[in-house]
Amino acid sequence: MSRRGTAEKRTAKSDPIFRNRLVNMVVNRIMKDGKKSLAYQILYRAVKKIQQKTETNPLLVLRQAIRRVTPNIGVKTRRNKKGSTRKVPIEIGSKQGRALAIRWL
């Protein structure tokens, strides 16, 4: 058993231009080797293209895409008494579902 206290939940910071946590979560997922400014450039370029092509708010498009991809149910492997394994459906929480959706996009 651990002697330390429980870890505090940290909220994601918002990005400097849109002031949106979701954008920051996507940037953190895009980022490789700690190059956050490059990840911001990639995302802002994509957002600019969305703005030009659809002429709608790009944050709404991003939110809608993530909402459509977010899973409600996942499968987990369970082993029964005889030793064979089965996939059992389980519900996925909203935070974990959003993280999966961002990873898949």
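Select Asn20 first. Not counting residues up to four places away in sequence, Asn20 touches Ser14, Asp15, Leu59 and Arg63. This is a predicted model. Asn20 sits in the segment before H1. Its relative accessibility is 13%, so Asn20 counts as buried, the cut-off being under 20%. Asn20 and Arg98 are 78 residues apart in sequence, and their C-alpha atoms are 15 Å apart in space.

**Step back to Arg19**

Arg19 also belongs to the segment before H1. Check its backbone: phi is near 55 degrees, a positive value in a residue other than glycine. Most residues other than glycine have a negative phi. Arg19 is exposed, with a relative accessible area of 64%.

**Into helix H1: Met25**

Select residues 21-30 to display helix H1, then pick Met25 within it. Is Met25 buried, exposed or partly exposed? Its relative accessible area is 26%, so Met25 is partly exposed; buried would need under 20%, and exposed over 50%. Show its surroundings. Beyond its neighbours within four places in sequence, Met25 is in contact with Ala12, Arg98 and Ile102. Lys13 is worth a distance label too: Met25 and Lys13 are 12 residues apart in sequence and 8.5 Å apart, C-alpha to C-alpha.

**The nonpolar core**

Which residues have the most contacts inside the largest nonpolar core? Select Val23, Val26, Val27, Leu43, Leu62, Ile66 and Ile102; the core has 14 residues in total. Colour by element next. H1, helix H2 (36-54), helix H3 (58-69) and helix H4 (94-104) each give two or more residues to this core. H2 supplies the largest share, 5 residues. In soluble globular proteins, nonpolar side chains tend to be buried together.

Zoom in on Val27. Leaving out residues up to four places away in sequence, Val27 touches Lys36, Ala39, Tyr40 and Leu43.

Then move to H4. Pick Gly97, Leu100, Ala101 and Ile102, which are buried. What covers the buried residues of H4? The cover includes H1 and H3.

Tyr44 lies in helix H2. Its relative accessible area is 18%, so Tyr44 is buried; the cut-off is under 20%. Display its contacts. Setting aside neighbours within four places in sequence, Tyr44 meets Asp15, Pro16, Ile17 and Phe18. Tyr44 and Val61 are 17 residues apart in sequence and 13 Å apart in space, C-alpha to C-alpha.

Ile42 is also in helix H2. At 40% relative accessibility, Ile42 counts as partly exposed. Ile30, Leu38 and Ile42 form a nonpolar surface patch, and together they have about 220 Å² of accessible area.

Glu55 is found in the loop between H2 and H3. What is its phi? Phi of Glu55 is near 55 degrees, a positive value in a residue other than glycine. Glu55 is exposed, with a relative accessible area of 68%.

**The hairpin**

Finish with the strands. Select residues 73-79 for E1 and residues 85-91 for E2; the two strands pair in the antiparallel sense over 7 bridges. They form a hairpin with 5 residues between them. Stop at Gly83 in the turn, where phi is positive, at about 105 degrees.

Pick out two facing pairs:

- Lys76 stands opposite Val88 in E2.
- Arg79 has Thr85 in E2 as its bridge partner.

In a regular strand the side chains alternate between the two faces of the sheet. How many of the 7 residues of E2 are buried? The number is 0, so E2 lies largely in the open.

Methods:
Residues are numbered from 1 along each chain as its sequence is written. This is a predicted model: local features need pLDDT of at least 70, side-chain atom pairs count only at pLDDT 80 or more; totals for chains, interfaces and linings use all residues. Side-chain values use heavy atoms; hydrogens and water are left out. Helices (H or I, at least four residues) and strands (E, at least two) are DSSP runs, numbered from the N terminus. Buried means under 20% relative accessible area, exposed over 50%, partly exposed in between (1.4 Å probe, protein chains only). Contact means heavy atoms within 4.5 Å. A nonpolar core is a set of buried Ala, Val, Leu, Ile, Met, Phe, Trp, Tyr and Cys residues joined through side-chain atoms within 4.5 Å. Patches are made of residues with over 30% relative accessible area and no salt bridge: like charges are joined within 9 Å, nonpolar side chains (Val, Leu, Ile, Met, Phe, Trp, Tyr) within 5 Å. Accessible areas come from the Shrake-Rupley method with a 1.4 Å probe; for residues, only the protein chains shown count as cover. A salt bridge is a side-chain nitrogen of Lys or Arg within 4 Å of a carboxyl oxygen of Asp or Glu. Two strands pair if DSSP finds at least two bridges between them.
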